[in-house]
Amino acid sequence: MFVTTARIMRPDDANIVGNVHGGTILKMIEEAGCIIGTRHCNTQPGDRCAAQLARVERTDFLYPMFIGEVAHVSAEITYASKHSVEVQVHVMSENILTGATKMTNRAALWYVPFSLEDVDNVTEVPPIKYASPGQEEEGKKRYEAQKMERLETKERNGELLMPVSAPDRTTKEPYTVGFSQSSLIHLVGPSDCTLHGFVHGGVTMKLMDEVAGIVAARHCKTNIVTASVDAINFHRKIMKGCVVTVSGRATFASNKSMEIEVFVDADPLIEAEKGKYRAVTAFFTYISLDKQGKPLSIPPMKLEGDGEQRRFEDGKMRYLQNKAKRLADKERQQ
Amino acid sequence: MFVTTARIMRPDDANIVGNVHGGTILKMIEEAGCIIGTRHCNTQPGDRCAAQLARVERTDFLYPMFIGEVAHVSAEITYASKHSVEVQVHVMSENILTGATKMTNRAALWYVPFSLEDVDNVTEVPPIKYASPGQEEEGKKRYEAQKMERLETKERNGELLMPVSAPDRTTKEPYTVGFSQSSLIHLVGPSDCTLHGFVHGGVTMKLMDEVAGIVAARHCKTNIVTASVDAINFHRKIMKGCVVTVSGRATFASNKSMEIEVFVDADPLIEAEKGKYRAVTAFFTYISLDKQGKPLSIPPMKLEGDGEQRRFEDGKMRYLQNKAKRLADKERQQ
Amino acid sequence: MFVTTARIMRPDDANIVGNVHGGTILKMIEEAGCIIGTRHCNTQPGDRCAAQLARVERTDFLYPMFIGEVAHVSAEITYASKHSVEVQVHVMSENILTGATKMTNRAALWYVPFSLEDVDNVTEVPPIKYASPGQEEEGKKRYEAQKMERLETKERNGELLMPVSAPDRTTKEPYTVGFSQSSLIHLVGPSDCTLHGFVHGGVTMKLMDEVAGIVAARHCKTNIVTASVDAINFHRKIMKGCVVTVSGRATFASNKSMEIEVFVDADPLIEAEKGKYRAVTAFFTYISLDKQGKPLSIPPMKLEGDGEQRRFEDGKMRYLQNKAKRLADKERQQ
């Protein structure tokens with residue numbers, strides 16, 4: 001079970017220097033995942049159902065993509081539990097003038113089916129065939145690991161439910177968290193949604209990348225590009241007719257990268273009695289580039305107060321863990 | 001000199017009830033104006049130049065427009081001063097199934113040419129032919145009146161340069177100004193800009209309508225539609241690569257309509273030394289509709305502090321003046 | 001040499017009844033063709049070049065596509081002459097809930113490379129490998145046939161260069177050509193263009209389908225869908241910064257379908273001395289559907305004047321020829 005999509009990158013997909021936004025790529029990845037996940041979950045008799053994005057594993061942006069290149073996105077179902085599927089996605093960039101191709105992203109997404117006919121029906125996922133018993137075993141391990149992490153994040157998420165205050169560049173000094181902090185609101189439109197009135201996970205990720213990118217640019221004042229996105233858990237669906245508030249704040253900066261925490265809150269505009277709720281949180285990492293595309297140093301952050309200090313330490317831990325993991329992966333491959 | 005554009009209204013042009021956003025219409029109006037203004041200013045030898053929106057006169061949304069209807073926008077140059085042109089625009093909605101047509105908007109826009117070859121060149125506008133000396137006379141009066149008002153607003157605008165704080169629905173009560181206050185940020189993309197790297201006035205107005213609409217919906221919690229826009233002056237150009245912050249707050253509510261003040265601030269992301277600047281301010285008026293499209297009462301505003309009280313009184317004055325003007329126009333037409 | 005793209009159909013891709021616009025599909029077809037054509041023409045040393053759409057063969061819309069379905073577009077190079085390539089494209093619709101798939105379109109496009117480095121260089125196309133000598137032979141026949149037709153159309157095209165006047169529903173009776181005649185103008189934006197500043201052929205075809213659809217809806221006052229497009233020749237490139245005027249008029253109506261002629265004129269806005277030019281003309285055929293998607297009769301046209309009568313006769317001939325060709329194809333397949 002396999003799907004491939006491809007599209008030429010246009011000016012609207014990129015920043016003014018020509019680098020395609022990470023959010024554009026995340027949106028393409030999720031569209032491919034949604035197609036194959038929904039297709040698979042409907043390959044059995046019973047209720048028609050839609051695949052809803054539940055989680056995206058940590059993903060790295062290995063190479064930049066540019067306007068005029070073709071992005072090839074291929075998605076494959078690699079594991080099926082009773083109530084979820086894992087979709088692995090590869091993104092290749094192709095320069096159709098020189099013929100050069102590069103793998104720019106690898107991602108793993110988890111989808112959960114929900115019945116379109118009866119909300120209370122629990123939809124089961126059809127099994128898939130594995131190339132070997134070992135492959136199924138590996139998939140099961142990934143499944144258990146992500147399940148655990150989703151539960152943990154749910155709790156952390158609750159704890160963070162205080163509102164993120166507004167950016168303030170009149171009273172805040174450059175390089176403080178308050179200086180670069182940014183929020184946007186977006187009224188959910190028809191093209192943001194699936195046929196059944198829920199916002200595509202990819203649309204949400206694109207908005208998150210947009211805000212995080214503005215925070216990074218305000219801090220660095222240079223051309224910044226998405227380097228990686230931490231695992232993202234989608235706790236609750238966002239419906240048509242919501243206003244979405246997406247807020248970002250810097251949490252950590254190393255010499256060559258900075259981490260931005262992003263919150264997505266959904267606010268039903270008309271049925272306001274349902275109340276505002278936190279739908280997603282995630283960490284995005286950016287690097288800063290000069291005009292030749294060479295990495296630049298990130299200006300050190302000026303921390304204010306215990307909260308910022310604590311978040312900085314947490315971010316540093318994530319940074320060191322990822323670094324260690326990357327090194328281990330490299331060694332294993334050699 | 002005349003141009004007519006037409007386009008089918010699509011789902012993304014409208015809210016979930018199917019009413020086309022006022023901002024969509026303002027964007028179409030400005031595009032037609034920009035085409036005819038640019039075309040006229042290049043009908044003489046000399047530097048090639050682009051027409052930049054300087055001002056939009058107060059405009060009323062006379063009838064709603066819906067998805068599937070065709071919007072016809074026709075623009076005509078009606079006055080030319082030495083350095084500016086007035087463009088009058090009519091918008092008709094056509095239901096292509098029933099054949100029913102309605103005039104939904106009439107607008108007047110002022111454009112100023114600027115040289116694309118040498119920034120310091122002052123570009124003169126070619127003269128136009130008038131049907132009668134009286135017509136030229138009338139145009140000149142409108143020209144003088146708007147010139148005066150632009151100067152006045154420039155001063156008022158400076159006075160208003162304090163930042164609009166963030167919406168806060170945890171500490172603010174419903175129906176207060178703080179409760180419905182909203183901001184969005186938008187990273188200017190290539191499609192927002194003219195070929196020469198400046199944001200189309202229509203793009204800015206669409207963002208303004210989007211924020212004002214969210215403020216109105218947060219206050220009313222119903223289907224709201226744009227009823228009118230006060231005269232808007234575009235003091236400074238917004239360049240490619242800026243982040244635009246658009247903020248709105250309720251200023252006045254009568255029984256059947258509410259007024260929202262909108263601020264547009266531009267922030268050069270990379271050349272940050274240029275500093276953030278206020279580019280536009282305007283007042284948008286909204287009405288609230290029930291499911292059958294009948295007008296509903298607006299919940300009264302809860303005012304807090306002297307500033308809100310003062311702005312409410314100012315808004316009331318604008319409201320009464322417009323009402324008186326509308327009555328006078330009606331009588332004159334009879 | 002092969003490329004596959006896929007995309008979920010969204011509300012903005014369709015009319016209010018949910019039928020995906022023919023123009024959306026033509027745009028996807030052309031994007032796939034442009035990717036594979038450009039890729040192939042750069043598989044040799046020498047100047048980097050871009051593939052420019054020169055012609056689309058007549059194509060039928062075999063089945064409707066709907067919002068929420070996935071469109072799969074696959075493109076393959078099937079013939080290469082010295083200076084052009086033929087790309088054959090298949091479009092499948094997939095209902096990811098039921099698993100049903102249908103072939104909705106088959107199209108053949110001709111691309112011509114042009115050097116991005118030196119306008120005066122004539123770029124040669126690398127040869128392709130054919131599965132059999134017969135295949136090459138067949139391709140050569142198609143090549144010769146389209147070459148002849150392109151020359152012929154060029155002349156017809158010149159003859160038609162009188163401007164299409166504006167629709168006029170105040171003095172024109174329903175069912176006359178004047179009543180349904182329509183024009184739209186569009187300011188070419190960055191996302192309409194290739195990296196090198198030329199409008200994508202697919203963007204132009206989408207605009208053509210939009211205008212033709214408005215003409216058909218005005219005539220029929222029902223849900224109309226694109227049934228086929230006659231061969232389209234792209235005589236001249238349209239550049240960034242142009243205003244495009246697209247006009248359509250009814251030419252012929254049978255009992256079950258109507259034909260609309262569409263003209264595309266490009267007008268350089270700033271370099272106006274270059275003058276307006278006719279870039280493309282084509283014939284689109286529409287059918288009318290009731291609420292259950294069943295075909296309805298087309299109201300007979302009221303013809304006025306010799307020109308309309310002559311064009312009607314010409315349209316009738318095309319209609320009868322296509323009908324005969326379809327019958328012959330069917331018999332050959334049995």
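Chain B and chain A bury about 2700 Å² between them, with 66% of it on carbon and sulfur atoms; buried area here is the accessible area (1.4 Å probe) that two parts lose on being put together, summed over both. This is a predicted model, in which local features need pLDDT of at least 70 and side-chain atom pairs count only at pLDDT 80 or more, while totals for chains, interfaces and linings use all residues. Residues are numbered from 1 along each chain as its sequence is written, chains are lettered from A in the order in which they are written, and side-chain values use heavy atoms, leaving out hydrogens and water.

Here is how the two chains meet, in counts.

| Item, chain B and chain A | Value |
|---|---|
| Residues of chain B in contact (heavy atoms within 4.5 Å) | 32 residues |
| Residues of chain A in contact | 34 residues |
| Salt bridges (side-chain nitrogen of Lys or Arg within 4 Å of a carboxyl oxygen of Asp or Glu) | 2 salt bridges |

One of the salt bridges joins Arg218(B) to Asp267(A), whose closest N and O atoms are 3.7 Å apart. On the side of chain B that touches chain A, the elements giving two or more residues are strand S7 (182–187), helix H4 (201–220) and strand S10 (242–253); helices (H or I, at least four residues) and strands (E, at least two) are DSSP runs, numbered from the N terminus. S7(B) provides the largest share, 6 residues.
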